[in-house]
Amino acid sequence: MVGIPGSAGLVLVAGVAHLNEESAVFEAMLTGWGRQQASRLLGEKTISDRVRLVRRFTEFAESYPWSWGPGDVEDFTVSLASGDGRRSPSTIRGYHLGLRMFCDYLTDARYEWPRQCRDRFGSVPSQVCHEWNTVTHLNEYEGRPARRPLTYAELQDLFDHLDAQVERAASSGRKGALSALRDAQVFKTAYAFGLRRNELCRLDVADLRPNPHVPRWGTYGSVHVRYGKAVRGGTPRRRTVLAVPEFDWAIEGMRQWVEQARPLFGVPGHPALWVTERLSRVSLRHFDARFAAVRNQAGLDPALSLHCLRHSYVTHLVEFGYPERFVQEQVGHAYASTTAIYASVSNDFKDKTLKAALARVYAPTDEEDQG
């Protein structure tokens, strides 16, 4: 048993008397759980986030895991779902899942924690998360209902406003012209390639690749995503997103940014595609704040976020007639059902599709035409 990653024998030294035995055993539990997850090749951030959750729950319950009960989970859930800082159902469900996994680890006899707790404290840990006190996954989409794809008119207003800001800054000779140009291209790239926020932020110049189907686009015909969303705490997934003809207008903007504007920042050796005046990579916080500011200035729906550009990309690819499998590969979804959640085709597209179906099914026969 001692050889199993995360077992008590690997993190608790036999025969050692601790000044605060409860705290020492709890810390050993967290260390062991971290090792067990690392043995499954989970990412460091996933492990640290889960450990932080357990610490938070322990502080809330004011007791250690061998004294937890289902009521502690219920009280914790109520606190999460109340007040101004209440969490979404999907977030609370994620917390429940993390606590459930920790309890599964503690109650597994192979890791020896039940015996350690019985011998030291006279009680053993139990599974406190069950079907009656945890959030179940009832709906495929649990995001905010107000979040949606941008319409074509809203996209046009957004990009027109960004371009106007660049022109005003350039004509006035202000220092922010380069930054305005960068931000405009950032949001156009997010839409034209359907990228997540982190994928967009972590792009390097070296991630710009040719599209073998369209040589004239040069090195701007595809984007190699190296920091795609991980699955169940694993390593980031990679994919290559091909530019499509409907969004070829973004390619010339990318070429202008990389070849003309970006060098003016004076960062020849920096790998990042999006750089700041301080010669560093632009942060996610800046992207979010900048999008919110431009959205408000353009008079768009305040519920729209930067991630909505990705929703727009999926929706519009569907409306352009691209196969479901192609769209799924472009956006890096493991399941087609996830892609379907993102798609929200317009009424105009639905009308055209229905009219085409009616014409196909109820097309007049030759006899009717002659009659």
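Where is His316 found?

1. **Basis.** This is a predicted model: local features need pLDDT of at least 70, side-chain atom pairs count only at pLDDT 80 or more, and totals for chains, interfaces and linings use all residues. Residues are numbered from 1 along each chain as its sequence is written, and side-chain values use heavy atoms, with hydrogens and water left out.

2. **His316.** His316 is found in helix α12. Helices here are DSSP runs of H or I with at least four residues, strands are runs of E with at least two, and both are numbered from the N terminus. His316 has 2% relative accessibility, so it counts as buried. Buried means under 20% relative accessible area, exposed over 50%, and partly exposed in between (1.4 Å probe, protein chains only). Setting aside neighbours within four places in sequence, His316 is in contact (heavy atoms within 4.5 Å) with Leu150, Tyr152, Leu155, Tyr191 and Phe247.

3. **The α7/α8 pair.** Helix α7 covers residues 152-172 and helix α8 residues 177-193. Their axes come within 8 Å and cross at roughly 160 degrees. Axes are lines fitted to C-alpha atoms, for helices over the stretch in contact, with angles from 0 to 180 degrees between N-to-C directions. The two helices are therefore roughly antiparallel (angles over 145 degrees).

4. **Who meets whom.** On the α7 side, the contact residues include Leu155, Phe159, Leu162 and Val166. Among their α8 counterparts are Leu181, Ala184, Phe187 and Tyr191. By class, the α7 contact with α8 has twelve nonpolar, one polar and two charged residues. Ala, Val, Leu, Ile, Met, Phe, Trp, Tyr, Cys and Pro count as nonpolar; Asp, Glu, Lys and Arg as charged; the others, Gly among them, as polar.

5. **Main core.** The largest nonpolar core has 54 residues. Such a core is a set of buried Ala, Val, Leu, Ile, Met, Phe, Trp, Tyr and Cys residues joined through side-chain atoms within 4.5 Å. Leu158, Trp274 and Leu309 touch the most other members. Elements giving two or more residues to this core include α7, α8, β2 (222-228) and α12 (308-319). The most come from α8, with eight residues.

6. **Trp274.** Not counting residues up to four places away in sequence, Trp274 touches residues including Arg182, Val186, Leu200, Met254, Trp257 and Phe287.

7. **Second core.** A separate core of 33 residues includes Val25, Ala28, Phe57 and Val128.

8. **Ser48.** Ser48 lies in helix α3 (residues 44-61). Ser48 is partly exposed, at 30% relative accessible area. Its C-alpha atom is separated by 9.9 Å from that of Leu30, 18 residues apart along the chain.

Notes: Angles under 35 degrees count as roughly parallel, over 145 as roughly antiparallel, 65 to 115 as roughly perpendicular and the rest as oblique.
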